[in-house]
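Hi,

Here's the structure I said I'd pass on to you.

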Amino acid sequence: MENKILMTISAADQRKIGRKMMSGKWKLALVGTLVYMLAVLLPTTVLDMVFSKNIEMGTFVSMAYMILTSGAFTLGYTTFILHIFRQRDTTPGEIFSGFEQFGRALTLSLLVGIIVFAFCVPSIFLLSWGFVSLGILGSMAVSAMAVLAIVAGTALLYLPCKAAFTYAQVFFIAIDHREMAVSQVMNYSKWMMEGNKKKYFFMQVSFLGWMILANLPVTIFTVWTSSMALANVDAGLGAINPFTMNVIIFILGAGYVWLTPYMMSTGAAFYDIISGNMVIKQWDQLSQESSETSQKTNLLEELEDAESLEDSRSVDGANSPEGTKGSDR
């Protein structure tokens, strides 16, 4: 393997790179993201309607669809955003290109999901036991143990996060290295992210404010409907079928149609930096040109100020008594 590249650019600069490389392509990115979301969510909504009389079967079929297609859609959408980021020609139809490598994408998705879930198990066990114990048992000793279990379970959430960050680059690598087997892609992502996980975490956290804003309409609607249910106010709500409810939630969550490509483009910037791709050199050139332009602007402003000062002095000299005498002579 080539020399490892450690991330040294701040999260703010990574986002700036992501926005810069999306410039002029936002409309394409938004259309592609909308197609991606509809392809993932619409079939599950339809399946829920088809199996409305058998909720268990509907849930099973919807979950099966999500598991079988999520890898291919993720690979296709990542390809779409990566091509936009690298200034290559693409169309929203490229979102379905992941199905050309269906088996590879499915295996990557399943392996990463299984590994992350396995690291979640200790936290799930401790948190479940802790909260159940607090609700059922009244003993002070048991309650203290339950609180400790909750604290430990919360702390252990670090493990699945670390696992998710370790394999965060698998789909980018799968795009650039189609010759690699799944195990090689996984190992390569693990190697690339050594020493870079903290920076990746800070990059993800830097979007927290935007994620809260994008979730706010859905949260308000959910709280409102829950309060209506608790108050036994069925008028209007009871008439809303599951399909209509999902449509409302999708519309209220429309902020993610903009936020998702923004986050993915920043993720592409992160990948291209630590993989040493030329696009970062292009960004450096753009930044240098911008800096040179700024320096030239400052120089022109200084020259204009100097000329204004010289003109002012000339006018003052002409209006002074000495200047008048000189002119009389």
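Below is what turned up when I went through it.

One thing to keep in mind from the start: this is a predicted model. The chain has 14 helices and zero strands. Of its 329 residues, 33% are buried. If you take the contacts between residues at least 6 apart in sequence, 75% of them join residues at least 24 apart.

Let's start with the inside. The largest nonpolar core has 40 residues, and those with the most contacts inside it are L108, V170, I173, M186, M192 and F270. Several helices give two or more residues to this core, including helix 1, helix 3 and helix 8. Which helix gives the largest share? That's helix 12, with nine residues. There is also a second, separate core of 13 residues, with M22, V40, F73 and Y77 among them.

Leaving out neighbours within four places in sequence, S189 is in contact with T166, Y167, A168, Q169, V170 and I173.

Next, the charges. The count comes to four salt bridges.

- E194 and K4: their closest N and O atoms are 3.7 Å apart. E194 is in the loop between helix 8 and helix 9, while K4 is in the segment before helix 1, 190 residues apart. E194 is partly exposed, with a relative accessible area of 38%, and K4 is partly exposed too, at 31%.
- D13 and K16: the closest N and O atoms are 3.7 Å apart here. Both residues lie in helix 1, three residues apart, which is about one turn of the helix. An α-helix has 3.6 residues a turn, so residues three or four places apart point the same way.
- R86 and D272: the closest N and O atoms are 2.7 Å apart. R86 sits in the loop between helix 3 and helix 4 and D272 in helix 12, so this pair ties together parts that are 186 residues apart in sequence. R86 is buried at 14% relative accessible area, and D272 is buried at 0%. R86, D176 and D272 are linked in a network of salt bridges.

R15, in helix 1, is a curious one. R15 is buried yet has no salt bridge, and the nearest side chain of opposite charge, D13, is 8.5 Å away. So what does the side chain of R15 make a polar contact with? The partner is the side chain of S206, at 3.1 Å. Apart from neighbours within four places in sequence, R15 is in contact with S206, F207, Y262 and T266.

Last stop: G58, in helix 3. G58 counts as buried because its relative accessibility is 1%. G58 and L47 are eleven residues apart in sequence, and their C-alpha atoms are 6.1 Å apart in space. Not counting residues up to four places away, G58 touches D48 and F51.

Happy exploring!

Conventions:
Residues are numbered from 1 along each chain as its sequence is written. This is a predicted model: local features need pLDDT of at least 70, side-chain atom pairs count only at pLDDT 80 or more; totals for chains, interfaces and linings use all residues. Side-chain values use heavy atoms; hydrogens and water are left out. Helices (H or I, at least four residues) and strands (E, at least two) are DSSP runs, numbered from the N terminus. Buried means under 20% relative accessible area, exposed over 50%, partly exposed in between (1.4 Å probe, protein chains only). Lys and Arg count as positive and Asp and Glu as negative; His and the chain ends are not counted. A polar contact is a pair of N or O atoms within 3.5 Å; within protein, one must be able to donate a hydrogen and the other to accept it, and residues adjacent in sequence count only if both atoms are side-chain atoms. Contact means heavy atoms within 4.5 Å. A nonpolar core is a set of buried Ala, Val, Leu, Ile, Met, Phe, Trp, Tyr and Cys residues joined through side-chain atoms within 4.5 Å.
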